[in-house]
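Work through the exercises below with the sequence and the 3D view open. Each task is followed by a stepwise solution.

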Amino acid sequence: TGVDLTPYIQSLNLDPASKLPFHHVLETLPSPWIETSRSDVEPRHFIPE
Amino acid sequence: SRTELLCLVFTEWITLVQKIEVDHYIVKAFIKQLVDTHVIDTHEKFVEFFEASISLSVDAFKESDPTSDVFVSIDALAKFFVQLLIYLDFTEESRKDFSSLVLTTFVLNMTNDHKENGKDFNERPYFRFLSILLCEWEKLSCHNFIRVKDQTCRCELIEFDKDFYSIFASFMRVYQPLAFPCFAFAWVTLLSHRMVLPVLLRMKEEGGWEKLNLLFIDLFRFIDSYSRVGDVPDSISVLYKGLLRVFLGVANDVPEYFVENHYTLLNNLPASYLQLKNIILSAFPKKLQFPNPYSADIDMDVLEICKKVPQVAYDPVQDLGTLKKPVDSYLRIPSSSLMRTINSNVNALKDLKKEHGVGFDEIAVNVKLINAIVLHIGIEAATEALNTTKNAIFNKNSSYFTLLLGLISNGSPSAKYHIIEAIVCQLRYPNAQTHFFNFVICTMFFTDSLWDGNGAEVQELILRCLLEKLFVFKPHPWGVVVTFTDLLKNKDTMELPFIKQSSEIQSVFKSL
Amino acid sequence: KLPAFQNKHFNIGLKNLVETKRQIVQPSEKLSEEMKQELESSLLNCPDSLDSEVSKLNEFQLSQPHPTSIFFPSEPIRFFYNSDITETPNLKKGDVYSRTSLAQIMSKFDLDTLFFIFYHYQGTYEQFLSARELSLRGWQFNKVDRFWYYKEEEVSFPDSSSNENDSISNAGNNKNDNNNVSKNNDTSNNNDETSVHISKKDSSNKIVTSWRYFDYEKSWLSRRCGPDFVYQEKEFEKI
């Protein structure tokens, strides 16, 4: 029967009730598992010279 | 020994990149000297050097104090690879071939380590190498390789960029979980890596989606091989949860990937993974607005969005094989002989196939062919409805409907189930195909005269297939909810004998 | 007998690799004990977010280790920062960085800190985020002279004796009387020569535009631009 996805959705900051603007989750995904997502990971960025 | 000498050289490199940026001219000079002094000027010597460097790096990781920076050497190695792609001479050998050589050497090293150490193999340094490789490549390739001063080299690297990811994805298939269970969790982490998954999702036109399909399918095969309904080892369960989270990310960021690849993914998804199936089928194009499926008065006939034909990344007609001609001929001019040909192919499967579904462990029909036929009919019907009147297609005498009817009427119980299941899987977000299949399901359910007295069997299968999608945790595909509501709206549905016979089923339907 | 298997570098690895291929082609019926142990070992060693982080070779820490009170947290700045993201106005921008802890923390930094990071940690992700934060606060970076500029607009309510068509070229001190509403979040009010421009908003209000820049070279202060300052859009970085 699967699992209740609410904690998964919240862990990805995708809660639609929050009414925050759309954001790309995969660009900053630290790890597939909440337990191994202890810290942020540096996303793509460009620093002009 | 030669290996020790090579390790010394590599140590020099590690020291160098700890002190300076890779943009520094000294890096170029260092690499040039490596070639000029015949350290890495041939394939043979390069492989020797790289093997020595990997061994040193992995040993350094294993022997380092875990609280210190254990990845210094391995990070330097990944940087080295990327810098070679800039500064080596690629007039006689392509970057593609060179990258394949490097990754081959890497894989073989990993294989040997795994063979020697078995369950004591540690995936982390190998994961780290690949992760840093991705990060370094991303840093280099930003803004069309603007950091690369040599314009010729810059153009070549721009050209090579898509190949880089293609080769990376291909090698991921080499160390997939079925081959290296010891690397399974690192593999899933790599698949969802922020520097690779979004890139492959953006590379739709350059084959990124095809590569991604293959990778997801590799993972499906692994979890399917070692899980049964009611018997899932803990580690597989954890892998599955990781995959679930990644799928939610994909559904959020690029739902179009699921929308257009649902056919390919579902053909390879384990039959019992109902929630994953629902996540794929519930995806809809970004910014599409449509009514709440639980509204009482949804009428697909009047919804403008139900006239839009959805895109598919892979045309199922390619899977029809020799049946393409009979199916297309039937759709033009139905005939009983064509129906017999199609039926015999669908119901014929040389050997029983193991398939761990809900309520079955084997199948005796060609499910892939069934899925292809059903989707092909859906695509043709939806497209044709745009060109002619809707009533010509949404009609129980239309060839699109009668072909499905014939397949179900003449099929074995197993075939009936799989055909209806394939139809229900096309009840997705509001679009022309969902609309057509909603018509098919409702007509088949409510028109007893179609079935020569065997209507109840079909009704039960329809309700089963719909219920299988609804009794799992959300999400639920829009089309499934709307169609199920359409069936339940009719009071006679609750009076069906197979519902009344079981108090359990009756209470489920009552609550629904 | 294939040449690849005769290669001394590859022959052992290839044989081992071919063995792994068997499982791909025909997975075993059940999870063997050996495979189960390997899978569990993989779970145990599962890479975490720190393993996926970018390489720190050649980078020095934003803050050097130094003795601190035990009451100060010692986690690196990259660890998740629990804040109510709805309270942070810049999150409304919704870009990729807005939900990262570091960007959220930087939204609380004052300008001095942001400028310090920008000028003293060049080429780092932290520099990038400080530039982003400055940009979100309305500052613009000039690629030519490497200063950050800020456009100030003041709505001025003229008194009854003023002429609506007046224009001021070399003004003295900028007076902040009670009728002025100023959009200003700089760290100092250094009253240098003013470059002002007056435009008519309507018959009763005038918008006075002035430019400031942050002087990172000498005074480490925000200063008003001179009268000869001309804004040239192409000189400014599009962030």
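**Exercise 1: a lysine in chain B**

Lys277(B) lies in helix α13 of chain B. Helices (H or I, at least four residues) and strands (E, at least two) are DSSP runs, numbered from the N terminus. The model is predicted, with local features needing pLDDT of at least 70 and side-chain atom pairs pLDDT 80 or more, while totals for chains, interfaces and linings use all residues. Residues are numbered from 1 along each chain as its sequence is written, chains are lettered from A and ligands numbered from 1 in the order in which they are written, and side-chain values use heavy atoms, with hydrogens and water left out.

Task: Decide whether Lys277(B) is buried or exposed, and list what Lys277(B) touches.

Solution. 
- Step 1. Take the classes: buried is under 20% relative accessible area, exposed over 50%, partly exposed in between (1.4 Å probe, protein chains only).
- Step 2. Lys277(B) has 10% relative accessibility, so Lys277(B) counts as buried.
- Step 3. Contact means heavy atoms within 4.5 Å. Not counting residues up to four places away in sequence, Lys277(B) touches Leu266(B), Leu269(B), Glu421(B), Cys425(B) and Lys469(B).

**Exercise 2: a threonine in helix α5**

Solution. 
- Step 1. Locate Thr105(B) in helix α5 (residues 95–117) of chain B.
- Step 2. Its relative accessible area is 1%, so Thr105(B) is buried.
- Step 3. Check the side chain. It reaches the backbone oxygen of Leu101(B) at 2.7 Å.

**Exercise 3: chain B against chain C**

Task: Describe the interface of chain B and chain C by area, residues and polar pairs.

Solution. 
- Step 1. Count residues in the contact: 57 from chain B and 38 from chain C.
- Step 2. Take the buried area, the accessible area (1.4 Å probe) that two parts lose on being put together, summed over both. Chain B and chain C bury about 4,100 Å², 58% of it on carbon and sulfur atoms.
- Step 3. Leu108(B), Lys119(B) and Tyr226(B) supply 15% of the area that chain B buries against chain C, more than any other three residues.
- Step 4. Count salt bridges (a side-chain nitrogen of Lys or Arg within 4 Å of a carboxyl oxygen of Asp or Glu). There are three across this interface. One of them joins Asp51(C) and Arg124(B), with the closest N and O atoms 2.7 Å apart.
- Step 5. Another salt bridge joins Lys115(B) and Glu19(C) (3.2 Å, N to O). This pair runs from helix α5 of chain B to helix α2 (residues 11–25) of chain C. At 39% relative accessibility, Glu19(C) counts as partly exposed.
- Step 6. Count polar contacts (a pair of N or O atoms within 3.5 Å; within protein, one must be able to donate a hydrogen and the other to accept it, and residues adjacent in sequence count only if both atoms are side-chain atoms). The count is 22 residue pairs, both at pLDDT 80 or more.
- Step 7. Name the leading element. α5(B) gives the largest share of the side of chain B that touches chain C, eight residues.

**Exercise 4: chain A and its partners**

Task: Where does chain A meet chain B, and which salt bridge links chain A to chain C?

Solution. 
- Step 1. The contact takes 36 residues from chain B and 31 residues from chain A. The area buried between them is about 2,900 Å², with 64% from carbon and sulfur atoms.
- Step 2. Two salt bridges link chain B and chain A. Glu49(A) and Lys149(B) meet in a salt bridge (3.7 Å, N to O).
- Step 3. α11(B) gives the largest share of the side of chain B that touches chain A, 12 residues.
- Step 4. Turn to chain C. Lys56(C) and Glu42(A) meet in a salt bridge (3.6 Å, N to O). Lys56(C) counts as partly exposed at 29% relative accessibility, and Glu42(A) as buried at 7%.

**Exercise 5: a pair within chain C**

Task: Which strands hold Arg212(C) and Glu152(C)?

Solution. 
- Step 1. Arg212(C) forms a salt bridge with Glu152(C), the closest N and O atoms being 3.1 Å apart.
- Step 2. Arg212(C) lies in strand β7 (residues 206–215) and Glu152(C) in strand β2 (residues 148–156), so the pair ties together parts 60 residues apart in sequence.
- Step 3. Arg212(C) is buried at 0%, and Glu152(C) is also buried at 0%.
- Step 4. Glu152(C), Glu154(C), Arg212(C) and Arg224(C) are linked in a network of salt bridges.
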